[in-house]
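Subject: Structure handover

Hello,

Here is the structure we discussed. My notes on what was found in it follow below.

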Amino acid sequence: MKDFAFDLLRPELAQATGTTLWIADENALQPELAITPRNNVTVISNRIDLTDSLTEQGWQCRFSDFNFSEYADGSIDTLIYRVSKEKPIVHHVINQAIRLLRPDGKLFIAGLKNEGIKTYLDKAKKRFAGNMQTEKSDKNTWMGILTRPDACDTDSLDDQDYPVLRDVASDETYHYYSKPGVFGWNKIDKGSEYLIEQLGRFTERLKQPATRILDLGCGYGYLAMNCASDDCFVTATDNNATALQACQENFSRHKINGEVIPANCAEGIDSRYPMIICNPPFHQGFSVTGDLTDIFLRATRRRLENDGIAAFVTNLHIPLERKASAHFNRVETLADNGSFKLVLLAKPKR
Ligand SMILES: C[S@@+](CC[C@H](N)C(=O)[O-])C[C@H]1O[C@@H](n2cnc3c(N)ncnc32)[C@H](O)[C@@H]1O
């Protein structure tokens, strides 16, 4: 799908002068970027798939949850940013832009009306002491060009303490640490909770208890933490820097028997596992590179041992069984609770 907001930024990215940061999240997952890599531009992305693909194309990239601490105050000439879905992240980037830009440096920020771009532009304009011009490509798509004044004395925008991991939820077993930017960051997901409650329905199908489990798309680590034990080592993987940071924090705090690995759908993870657990995502920014459910099913087929089982939980409306039957000889819906269903996948097609 075409992203008109990114199209407004495209020429700015292609012509940016001086030390430039391009802040890119899932919204930048464009099938065709069509811009030649620039020596003066560094991409800061919280997505490992985007980082890998842009690095392959020749861009200099840093994979982080938009942590700019390595850049000194006033060290940046140009910032390019297509707004993110989450308000705390947008506020964090605008606040950081004030710190990072040298006087007269420029922030180019674009988005759609239904993403709140006009409100973001109003707030950014105040922070930049009124130094803003706007452009629009249609009534829904806006870009602000903000010039850093010598002095910025307005209050920072409320970023909900974006950089800080905090205790967001707990149950009888654990306190969970997370922060904005992670899927369902401030609660325990109802689908994942249902999967853990009913885990026995899956594990009773195993010939012997699994000693290794792969959690595909681990988020802050809820499923992984509740499957790990002294006898079971869990590999938790995700493509989102913020999720990985939170998951690592939870593993360290609770001494979880496991590891946390950045990967795009387990790419680069070579082992096969006797058990895989997954609460798959079902949309991906603006990408049209393929159906995410299907990509997760393919990854599961590749990484599952021949006699292993995969435990999936999805919303009832996702046609998981139909899609999964292309990849597995055994697909069984074990239960549903009116909102979520638990699906067992086994006998991967080789
Ligand atoms: C529905 S959430 C489940 C999170 C967590 N397992 C839970 O139960 O709370 C799906 C997760 O998949 C991750 N994800 C999305 N696309 C991915 C990809 N291509 N590779 C790896 N992880 C991905 C998201 O970042 C998100 O954390």
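Beginning with Cys152: leaving out residues up to four places away in sequence, this cysteine touches Ile98 and Arg127. Please keep in mind throughout that the model is predicted. Cys152 sits in the loop that runs between β7 (141-147) and β8 (166-170). Arg127 is 25 residues from Cys152 along the chain, and their C-alpha atoms are separated by 6.5 Å. Is Cys152 buried or exposed, or partly exposed? Its relative accessible area is 23%, and the cut-off for buried is under 20%, so Cys152 counts as partly exposed.

The loop between β7 and β8 also holds Asp161. Asp161 is not a glycine, yet it has a positive phi of about 60°. With a relative accessible area of 49%, Asp161 is partly exposed; exposed would need a value over 50%.

A positive phi also occurs at Ala266, again a residue other than glycine, with a value near 65°. Ala266 is in the loop between β12 (258-262) and β13. Its relative accessibility is 3%, so Ala266 counts as buried.

The ligand

Which residues come nearest to the ligand? There are 16 residues around the ligand, and Ser192, Gly217, Asp238, Asn264 and Cys265 are the ones that come nearest. The space that the ligand takes is the largest pocket.

Polar distances to the ligand are as follows:

- Asp238: a polar side-chain atom lies 2.7 Å from an oxygen atom of the ligand.
- Asn264: an N or O atom in the side chain is 2.8 Å from a nitrogen atom of the ligand.
- Asn239: an N or O atom in the side chain is 3.3 Å from a nitrogen atom of the ligand.

On its own the ligand has 590 Å² of accessible area, and the protein covers 93% of that.

Helix α5

Ser192, one of the residues that come nearest to the ligand, is also one of the buried residues of helix α5 (residues 190-197). The buried residues of this helix are Gly191, Ser192, Tyr194, Leu195 and Ile196. What lies over them? The cover includes the helices α6 (199-203) and α7 (222-227), and also the strands β13 (273-278), β14 (304-315), β15 (328-336) and β16 (340-348). At the start of α5, the backbone nitrogen of Gly191 has a side-chain oxygen of Asp189 within 3.1 Å.

Asn46 and Asp65

These two residues are in contact with each other. Asn46 is found in the loop between β2 (41-45) and α2 (48-56), while Asp65 is in the loop between β3 (60-63) and β4 (76-82). Asn46 has a relative accessible area of 5% and is therefore buried. Asp65 has 9%, so Asp65 is buried too.

Which residues does Asn46 touch? Not counting residues up to four places away in sequence, they are Ala24, Asp25, Glu26, Phe63, Ser64, Asp65, Phe66, Asn239, Asn240, Ala241 and Thr242. Asn239 in that list is the residue with a side-chain N or O atom 3.3 Å from a ligand nitrogen.

With its neighbours within four places in sequence left aside, Asp65 is in contact with Asn46, Tyr162, Lys179, Ala241, Thr242 and Gln245. With Lys179 the link is a side-chain to side-chain polar contact of 2.4 Å. Ala241 and Thr242 are contacts of Asp65 and are touched by Asn46 as well.

Asn329 itself has 54% relative accessibility, so Asn329 counts as exposed. Apart from residues up to four places away in sequence, Asn329 touches Ala346, Lys347 and Lys349. Met275 is 54 residues from Asn329 in sequence, and the two are 16 Å apart in space, C-alpha to C-alpha.

Arg298 lies in helix α9 (residues 292-303). Its relative accessible area is 39%, so Arg298 is partly exposed. Arg298 and Arg82 are 216 residues apart along the chain, and their C-alpha atoms are separated by 31 Å.

Regards

Technical notes
Residues numbered from 1 in each chain as written. Predicted model: local features only at pLDDT ≥ 70, side-chain atom pairs only at ≥ 80, totals over all residues. Heavy atoms only, no water. Buried < 20%, exposed > 50% of the residue type's maximum accessible area, 1.4 Å probe, protein only. Helix = DSSP H or I, 4+ residues; strand = E, 2+ residues; numbered from the N terminus. Contact = heavy atoms within 4.5 Å. Polar contact = N/O pair within 3.5 Å; in protein donor to acceptor, adjacent residues only side chain to side chain. Near = heavy atom within 4 Å. Areas by Shrake-Rupley, 256 points an atom, 1.4 Å probe, with all protein chains shown as cover. 1 Å grid on protein atoms, 1.4 Å probe; cavity = no way out; pocket = protein on both sides within 12 Å on 5 of 7 lines; lining within 4 Å. Sits in = over half its atoms within 2 Å of the grid points.
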